[in-house]
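Thanks for coming, everyone. Let me put today's structure on the screen, and then we will walk through it.

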Amino acid sequence: MDNIRRPETMERITTPELAKVFIDEQVAAIRQQVGDGKVLLALSGGVDSSVVAALLIKAIGQNLVCVHVNHGLLRKGEPEQVIEVFRNQMDANLIYVDAADRFLDLLAGVTDPEQKRHIIGEEFINVFAEEARKLEGISFLAQGTIWPDILESEAGIKAHHNAGGLPADIAERFELVEPVRVLFKDEVRMVGRELGLPAGMVDRQPFPGPGLGVRCPGAITRDRLEAVRESDAILREEFAKAGLEGKVWQYFTVVPDFKSTGIKDGKRTFDWPCIIRAINTTDVMEVTVEHLPQELLDRLVNRILTEVPGINRVLYDYTPKPPATVEYE
Ligand code: XMP
């Protein structure tokens, strides 16, 4: 697969018909590559790995083994959605690993953002490698590598997440299967839609690998992480109700590690603030802030203050990029 390039002449997949042609070609190519062999896939529930899973399920059914690692930093409802869509609806062979405690124990007391990212990335590989070692008779590893990943690694911008991250004893066992390798992101989404994946999965906003961990700045604690998760769920629900889903590029909440004084039911409180961030961009290098309708802001403030334990103040981040990055860590 190493020599696969996006052909200069390849038509951009912009219609369901073109997506269908791509799917048929890839299903045939996968069957030819793997035959009766089994394929392993780390299924995060993100767009790329979900589309790869759906393609492989169509091509080889139960011979695909998906491993979904819950690192405890996923958004509310995400692991449940992965299980519902892939195990229950698509009848996939799915191993669900709840590793939340392992990650949160390792992260306890760690304040440095780079160290947090490192721990999360490394532990993810450890958990996945442990699962891979338990499985017998699998000789292929599928990955959701897409064309921009290859361009970026060639340009030296970032190493794309290939088997290089895995320990040698695991990486050497597998031949790679990368069926969306020649696609741009919008094409991956188009193919995902055609494969019948739910819109909420195919059109979802970008979500960092370290997940809610980077939205819980400083040392992650379970209670503050829960406040991030609950406020994020409220934000997504209210954006959807307001018809902004898919219209605003990215929106999320952050709960920083400081407390301020407030008052509730006549009593002093000392709780965290919840910061709302909603941004638009075309290239992620420069980002502008979305101007939210006043009624939506009012509703968000009201719901977050009444429904999320530990929050007594709601702030709206009005900073573009540059100078601020999108995420807080
Ligand atoms: P920054 O914070 O660098 O974010 O302005 C730009 C975009 O990248 C996303 N992001 C990540 N995506 N792994 C990812 O896959 C990561 O570690 C990561 N960190 C940031 C961020 O959400 C924003 O869309």
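Which backbone oxygen does the side chain of Q33 reach? The backbone oxygen of L176, at 2.9 Å. Keep in mind that this is a predicted model.

Let's stay with Q33 for a moment. Q33 sits in helix α1. Now look for R313. Q33 and R313 are 280 residues apart along the chain. Their C-alpha atoms are separated by 56 Å.

Two packed helices are described by the angle between their axes and the distance between the axes. Here is our first pair. Helix α1 covers residues 16-34, and helix α2 covers residues 47-60. They pack at an angle of about 65°. Their axes are 9 Å apart. The crossing of this pair, α1 and α2, is right-handed.

Who meets whom? On the α1 side, find F22, I23, Q26, V27, I30, R31 and V34. On the α2 side, find L55, L56, K58, A59 and I60. Sort the residues of this contact by class, and you get nine nonpolar, one polar and two charged.

Now a second pair. Helix α4 runs over residues 100-107, and helix α5 over residues 113-134. Their axes come within 10 Å. They cross at roughly 150°. The crossing of α4 and α5 is right-handed.

From α4, the contact residues are R102, F103, L106 and L107. From α5, they are K116, I119, I120, E123, F124, N126, V127 and E130. By class, the contact of α4 with α5 has seven nonpolar residues, one polar and four charged.

On to the ligand. Which residues surround the ligand? Follow the chain: R117, P206, P208, G209, P210, W249, Q250, V284, K321, T325, V326 and E327. That shell divides into six nonpolar, three polar and three charged residues.

Zoom in on the polar atoms. K321 places a polar side-chain atom 2.6 Å from an oxygen atom of the ligand. For E327, a polar side-chain atom lies 2.5 Å from a ligand oxygen. V326 takes part through its backbone: a polar atom there is 2.8 Å from an oxygen atom of the ligand. And how much of the ligand does the protein cover? On its own, the ligand has 500 Å² of accessible area, and the protein covers 68% of that.

Let's go back to K321, and look at the backbone this time. The peptide bond from K321 to P322 is cis, with omega near -15°.

To find D91, go to the loop between α3, residues 78-89, and β3, residues 93-98.

That's the tour. Let's take questions.

Conventions:
Residues are numbered from 1 along each chain as its sequence is written. This is a predicted model: local features need pLDDT of at least 70, side-chain atom pairs count only at pLDDT 80 or more; totals for chains, interfaces and linings use all residues. Side-chain values use heavy atoms; hydrogens and water are left out. Axes are lines fitted to C-alpha atoms, for helices over the stretch in contact, and angles run from 0 to 180 degrees between N-to-C directions. Helices (H or I, at least four residues) and strands (E, at least two) are DSSP runs, numbered from the N terminus. A crossing is left-handed if the near helix is turned anticlockwise from the far one by less than a right angle, and right-handed if clockwise. Contact means heavy atoms within 4.5 Å. Ala, Val, Leu, Ile, Met, Phe, Trp, Tyr, Cys and Pro count as nonpolar, Asp, Glu, Lys and Arg as charged, and the others, Gly among them, as polar. A residue is near a molecule or strand if one of its heavy atoms lies within 4 Å of it. A polar contact is a pair of N or O atoms within 3.5 Å; within protein, one must be able to donate a hydrogen and the other to accept it, and residues adjacent in sequence count only if both atoms are side-chain atoms. Accessible areas come from the Shrake-Rupley method with a 1.4 Å probe; for residues, only the protein chains shown count as cover.
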